[in-house]
2 protein chains.
Amino acid sequence: MVQRQTRQKDAIREALRENDEFISAQDLHRWLEEHGTHIGLATVYRQLNALADAGLADTIRLDGQQLFRLCGDDGHHHHLVCVRCGRTVEIEPPSESWLRGIADAHGFTVESHTLEVFGLCPDCR
Amino acid sequence: MVQRQTRQKDAIREALRENDEFISAQDLHRWLEEHGTHIGLATVYRQLNALADAGLADTIRLDGQQLFRLCGDDGHHHHLVCVRCGRTVEIEPPSESWLRGIADAHGFTVESHTLEVFGLCPDCR
DNA sequence: CACATATTGATAATCATTTTCAATAAGAGT
DNA sequence: ACTCTTATTGAAAATGATTATCAATATGTG
């Protein structure tokens, strides 16, 4: 027995499915509360981290807190984030070979990378 | 009168000059302490943020804390960061036109962006 | 030198996130 | 359905980084 199914896990994944944009653990917890689903804050953090670790959720860091969003299982993505409303669009990643080339030039290995572009979306500009 | 020169500001800038790699406010505070210079932690945070706001220091976020490093005044840089020892190398940024092209395609403006590559440096791999 | 005020620093306050640990519940085996 | 092991939960406390407070200090201008 390695992994158990619980109403909390289901509720959290479902809540993420209904929230297209990146959302913080605190906000997701509040959202669940407002929708009549009480789940401990610690559990929300735990599941969100678990999803991120499993590669099922993407995370970005904005304004001192970590935001989460479900994503396909084809690795992580890069984003264009509206600094006013939080709207997010996935963008083309820089080519892996470009990254590797740069790292190789300095003798580094590549473990991970981040790329986020911040600006104003069409509605907010 | 808008800006005053103080021994604290000088000490912090000098300390940054002697630390090539990214360093956290806490660590810089400790470093100063170990070098016989006592400066309030709050002041270290204040100056570090002031330098970053002024564009004189680059910052990255690693492992839940913000790291600072002096940089030239020609805008911000991108980095290759060793996840073990913290060693950092500046890398070529993605071309501005590439960024703008992506943003334009979605109707976004570009206000800022981040790119960090994490891996192991030659000594740690 | 005097004065207005930028700056400092010790401490308290915030805030997000993690840990703790006893209580609960999933699910495998019977 | 019943038991038993243990994954999971949740409330509360702990942590850790960063920021706000505010009286005391120090800067530089007149």
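At roughly what angle do the axes of helix H2 and helix H3 of chain A cross? They cross at roughly 125° and come within 9 Å. Welcome to this predicted model, where local features need pLDDT of at least 70, side-chain atom pairs count only at pLDDT 80 or more, and totals for chains, interfaces and linings use all residues. Residues are numbered from 1 along each chain as its sequence is written, chains are lettered from A and ligands numbered from 1 in the order in which they are written, and side-chain values use heavy atoms, with hydrogens and water left out.

**Chain A as a whole**

- Chain A holds 4 helices and 6 strands; helices (H or I, at least four residues) and strands (E, at least two) are DSSP runs numbered from the N terminus.
- Read from the N terminus on, the elements of chain A follow the order α-β-α-α-β-β-β-β-α-β.
- The C-alpha trace of chain A spans about 50 × 50 × 25 Å along its principal axes.
- Of the 125 residues in chain A, 41% are buried; buried means under 20% relative accessible area, exposed over 50% and partly exposed in between, with a 1.4 Å probe and protein chains only.
- Among the contacts in chain A with a separation of 6 or more, 46% come from residues 24 or more positions apart; a contact means heavy atoms within 4.5 Å.

**Helices H2 and H3 of chain A**

- Helix H2 covers residues 25–34 and helix H3 covers residues 41–53; their axes are lines fitted to C-alpha atoms, for helices over the stretch in contact, with angles from 0 to 180 degrees between N-to-C directions.
- H2(A) and H3(A) are therefore oblique to each other; angles under 35 degrees count as roughly parallel, over 145 as roughly antiparallel, 65 to 115 as roughly perpendicular and the rest as oblique.
- From H2(A), Ala25(A), Gln26(A), Leu28(A), His29(A) and Leu32(A) meet Leu41(A), Val44(A), Tyr45(A) and Leu48(A) of H3(A).
- By class, this contact of H2(A) with H3(A) has 7 nonpolar, 2 polar and no charged residues; Ala, Val, Leu, Ile, Met, Phe, Trp, Tyr, Cys and Pro count as nonpolar, Asp, Glu, Lys and Arg as charged, and the others, Gly among them, as polar.

**Two buried strand residues of chain A**

- Thr88(A) sits in strand E5, residues 88–91, and counts as buried at 9% relative accessibility.
- Leaving out residues up to four places away in sequence, Thr88(A) touches Glu21(A), Phe22(A), Arg69(A), His79(A), Leu80(A) and Val81(A).
- His113(A) belongs to strand E6, residues 112–119, and is buried with a relative accessible area of 8%.

**Helices and a loop in chain B**

- The axes of helix H1 (residues 7–18) of chain B and H2(B) come within 11 Å and cross at roughly 100°, so H1(B) and H2(B) are roughly perpendicular to each other.
- Ala11(B), Ile12(B), Ala15(B), Leu16(B) and Glu18(B) of H1(B) make the contact with Leu28(B), Trp31(B) and Leu32(B) of H2(B).
- His38(B) lies in the loop between helix H2 (25–34) and helix H3 (41–53) of chain B.
- The side chain of His38(B) makes a polar contact of 2.9 Å with the side chain of Glu33(B).

Note on methods:
A polar contact is a pair of N or O atoms within 3.5 Å; within protein, one must be able to donate a hydrogen and the other to accept it, and residues adjacent in sequence count only if both atoms are side-chain atoms.
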